[in-house]
Each structure stands twice: as structure tokens, then as C-alpha cells.
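User: I would like a close look at one part of this model. Please keep to a single sheet and what surrounds the strands.

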Amino acid sequence: MKEMKSMTKKQHYVPQFYMRYWINGESKMLAYFDLKNKRLGHIPPKSVCYGQYQYEIGKFGDEYLCPNMFEDKYGELETKVSNMLQRLFAIMDNNDNFALICSKSERELLRRFVVTMFLRNAHFEMESFLDSVLYDEKLQEFRALMDMLGSGRMDADIVRNIVKNIVVSSDMSQCHGQELGGILYRMLDEFVEALRMSILRSDNYFVFSDVPVHLESRGVYMPLSPKYAIIYGDKTVVQHSNRIYDIPYTYAIKLNQTYLNFVEECPCQYLYAEDNERGRKILEGIKKILL
């Protein structure tokens with residue numbers, strides 16, 4: 001039981017620091033809309049978007065393998081992104097429309113955060129993003145290696161959990177394998193890197209879901225706070241890269257509604273907004289669309 005106490009039990013696949021951007025001064029809650037049951041309510045960030053030991057590999061014998069390893073790695077990334085966004089939000093609040101926003105290193109960190117947020121999500125089914133033949137072959141190779149190292153005592157679920165973590169990793173030093181390690185991260189990162197990026201600014205109109213990153217063939221969208229969202233796309237989507245675009249209420253709501261276009265591989269189940277009159281009104285409007 002000692003290893004269990006050293007691990008984070010509630011491992012959030014949507015970071016709490018990110019969700020707290022939707023917390024206002026009057027409430028410690030998020031307003032939510034349950035898409036399946038068409039129910040509105042409010043709830044604290046710590047109580048949503050998590051799984052118990054979400055990123056843990058499992059036990060080998062009586063001990064957990066690499067306890068909290070992946071959770072800690074995500075925590076390190078979250079700290080860097082949180083510090084960066086605090087700086088950027090202050091700058092963007094005072095910048096004119098179409099102003100240049102991010103440095104090269106900031107753009108790279110933002111892209112890493114967006115890609116990782118998509119791949120680490122509990123609703124993400126990685127098998128659908130990998131060629132089944134290639135995945136099965138590599139999985140069997142990895143299984144054979146684990147069987148050799150574990151003298152044939154390695155549980156199949158442990159092998160799958162190891163693979164599930166390393167194929168989405170952005171840190172090759174923890175993967176120990178150039179072919180399988182980080183393969184999904186690299187595939188998606190190359191796609192996003194080839195796109196233009198801009199920041200959308202609204203009057204606190206953005207909501208997020210339990211799958212915050214909305215991925216389409218033409219681009220990627222992810223809210224950063226009620227006021228800001230990041231968008232990646234080609235020239236038809238983003239005319240000028242690395243700029244702030246002020247958008248009206250109607251466009252922001254249209255972007256919020258993209259979450260209703262379920263992606264088969266990664267459907268969302270809840271929408272979250274600020275627990276205030278405006279946030280609840282936005283969620284109520286989405287509810288009416290589904291009724």
C-alpha cells in the first residue's frame with residue numbers, strides 16, 4: 001500500500017490549472033452541461049475530468065511499475081504552460097488586434113500543450129489513429145521484450161498500458177524506443193506544426209469540454225480561457241499567423257458548438273463554462289439546440 005500513497009489518485013486528463021481559468025471571483029464552481037442527459041448544474045474542477053490512477057501502468061508482482069511517472073511528466077508540462085499563459089494573458093489583454101503574440105519558443109510550448117491535451121485524454125482511442133497492422137506488430141514486439149525482461153510474468157494489460165503511455169509521449173527520453181515511442185505524438189505534432197496559428201479573443205464567450213481539443217482535417221481548435229482560444233488552420237482558416245483576432249459573440253458560439261459534432265474517436269460528454277449568468281446562458285443555448 002506504500003506505493004499507492006505515493007501516487008496521485010485523481011489524475012486529471014484536463015488539468016485543474018486550465019479549468020480554473022473558468023472560475024470567477026464569486027464562485028469556486030464550473031457550470032456544466034451533461035450532453036447525454038441534457039442536465040445543467042455546477043461542480044468544482046477537482047471533481048471532473050479525471051480517472052483514478054489514469055496514467056499508471058499497473059503492478060508487477062506486489063509493486064507498481066514507475067508510479068506517478070507519467071502523471072509527474074504531465075505536471076511538469078502543466079507548470080510551464082501555466083506560467084507562460086499567465087504572462088501571455090496579461091500581454092494579450094493590452095494588445096491591439098492583429099498584434100504579434102508569441103515567440104518561437106512560446107508557440108512550440110503551446111503546440112506541445114495542445115497536442116498532449118488531445119492525446120492524453122481519457123476518451124482518446126489510440127488504436128483508431130494507428131495503422132492496425134503496424135500497431136499489432138509493434139505491440140507484439142514490445143510484448144515479447146516485456147516477457148523476456150519479466151520472465152514471462154508480465155500481464156497483457158501492463159504491456160498495453162505501457163504502450164498507451166509511450167506512444168503519446170512528447171519526451172523520447174522516457175520512451176526508450178524510436179519506432180514506437182512517441183509515434184502518435186510525432187504524427188499529430190507534424191500535422192499541427194504545418195498549420196498557421198492565431199489567438200481568438202472574445203468577451204468571455206468560450207466554453208470547454210471534457211475533450212477540450214477539437215481536431216478536424218482542416219485544423220485544430222482549443223479554448224484557453226473564457227476570453228481566449230487558440231486555433232490552427234491553413235490559409236482559408238487563419239489568414240495571418242500569430243495574431244490576435246477579436247471575434248463577435250456569434251462566431252464564439254459557433255466554435256463552442258463544434259463540440260456537438262462528435263468525433264467518432266473522441267466524443268465529449270460534458271461542456272463547462274463559468275458559473276455565472278453569462279456562462280449558464282451559453283450552456284442553456286446549447287441545450288436548446290439539442291432538444
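What is the order of the strands in the open sheet of 4 strands, and is the pairing parallel or antiparallel?

Analyst: This is a predicted model, in which local features need pLDDT of at least 70 and side-chain atom pairs count only at pLDDT 80 or more, while totals for chains, interfaces and linings use all residues. Residues are numbered from 1 along each chain as its sequence is written, and side-chain values use heavy atoms, without hydrogens and water.

The order is S3-S2-S13-S8, with antiparallel pairing. Strands (E, at least two residues) and helices (H or I, at least four) are DSSP runs numbered from the N terminus, and two strands pair if DSSP finds at least two bridges between them. Strand S3 (39-43) and strand S8 (208-209) form the edges, each pairing on one side only.

Helix H9 (residues 277-290) packs on this sheet and touches S2, S3 and strand S13 (270-274); contact means heavy atoms within 4.5 Å. The direction of H9 makes about 5° with that of S2, where axes are lines fitted to C-alpha atoms, for helices over the stretch in contact, and angles run from 0 to 180 degrees between N-to-C directions.

Strand S2 (residues 30-34) is joined to S3 by 5 bridges; Leu30 has Ile43 of S3 as its bridge partner. S2 also pairs with S13, over 5 bridges, and there Tyr32 stands opposite Tyr272. Tyr272 in S13 is also the bridge partner of Phe208, and S8 is joined to S13 by 2 bridges.
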